[in-house]
Amino acid sequence: MKFAIAIPQFVEDGSFDPAALREFLRAAEEFGFESGWTQEQVLGSMPSLSPLETMTYAAACTERLRLGCVVFVLPLHTPVHLAKSLASLDQLSRGRLEIGVGTGGRGRMFSAFGSTPDGLVARFNEGLELMKKLWTEPRLTFEGRFWQLDGVSMEPKPFQKPYPPIWFGGSAPAALRRAVRHGDGFFGAGSQTTEQFAGQVLAVREALAEQGKDPATFRIAKRVYIGVGEEGVRQRVTDTLRRIYPHAGPEIGAVAVAGAPDECAEKLRAVAAAGAELILLNPVFDEAEQMHRLATEVVPQLADAF
């Protein structure tokens, strides 16, 4: 069992504190978290820093912490630009990058990105295939439905060979089979309950068996929104989740783990029992204080459990 921490991204206009983020990242390394993760929200009322720029800043502030985003919504990106940015970040971090990808579903404003929901999965698959080829082939000619390239090269390649680990998000059965076919791991969403995640893990394991893949080579993780505290902590977490997911129903608070340290540890055991090998702990307020409490009061209770 390994633990990761969410890198703070929620910053009101003009309030970013560079020193505070540097200290947070330094502490994350000292506490022994395996990795730090961002998420992508381009449009929305929740003030959120871009994942690529945040990870680049984090790479400059750290030495060992692996850095990732779950997930980049690939159909909203041009794969050539994204492939270049990610290869550059992997070089800048000396091979510490993790990449999460997803289709994002049809309920997004595709028109803002010069795209359409038509052929969503086909666009996703082709974009990912193109990125992998740009990362691995010295010269590429590509005749796709959405993108065409003729005798081009992209250098430098990623520092990690053949490319950084690729995690898939998603929850539909077809998305889980696609994760096993094209990815290196499955990352359960923070907006899903532990019970929903357990069902997804079963589907992933079935797909691994069907496709003849070794489960030991495919990682499973889950983001967990969490708040450590006593009176009022669950309401505080729920209020923030309603800002992150403004279209979610009143049950959104049920996806989070909140309460005293013992209670949080018990609920995280359930996440691990459901199949998570990596748990991304995602405080949504007082991030530095919450990380300290998680590292000193919660995670130690799980050290002998797995």
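Let's start with Tyr 57: at 24% relative accessibility, Tyr 57 counts as partly exposed, because that class lies between buried, under 20% relative accessible area, and exposed, over 50%, with a 1.4 Å probe and protein chains only. Phe 16 is also in that class, with 36% relative accessibility. A word on the source: this is a predicted model, where local features need pLDDT of at least 70, side-chain atom pairs count only at pLDDT 80 or more, and totals for chains, interfaces and linings use all residues. Residues are numbered from 1 along each chain as its sequence is written, and side-chain values use heavy atoms, with hydrogens and water left out.

Now, the rings. The structure holds nine aromatic pairs, meaning rings of Phe, Tyr and Trp (its six-membered ring) with centres within 6.5 Å; planes under 30 degrees apart are stacked, over 60 edge-to-face, and the rest tilted. Phe 16 and Tyr 57 are edge-to-face, because their planes stand at 80°, with the ring centres 5.8 Å apart. Phe 16 sits in the loop between β1 (2–6) and α1 (18–31) and Tyr 57 in helix α2 (residues 51–61), so this pair ties together parts that are 41 residues apart in sequence. Helices (H or I, at least four residues) and strands (E, at least two) are DSSP runs, numbered from the N terminus.

Next, please find Trp 37 and Trp 167, another edge-to-face pair, 6.0 Å centre to centre and with 90° between the planes. Trp 37 belongs to strand β2 (residues 35–38) and Trp 167 to strand β7 (residues 166–168), 130 residues apart. Are these two tryptophans, Trp 37 and Trp 167, buried or exposed? Both are buried. Ring pairs also bring in Phe 187, making a cluster with Trp 37 and Trp 167.

On to helix packing. Helix α8 (residues 261–273) and helix α9 (residues 287–298) have axes 10 Å apart and pack at about 80°; axes are lines fitted to C-alpha atoms, for helices over the stretch in contact, with angles from 0 to 180 degrees between N-to-C directions. That makes α8 roughly perpendicular to α9, since 65 to 115 degrees counts as such, under 35 as roughly parallel, over 145 as roughly antiparallel and the rest as oblique. From α8, Pro 261, Cys 264, Ala 265 and Leu 268 meet Arg 293, Glu 297 and Val 298 of α9, where contact means heavy atoms within 4.5 Å.

Finally, back to α2: its axis and that of helix α3 (residues 79–92) come within 10 Å and cross at roughly 15°. These two helices, α2 and α3, are therefore roughly parallel to each other.
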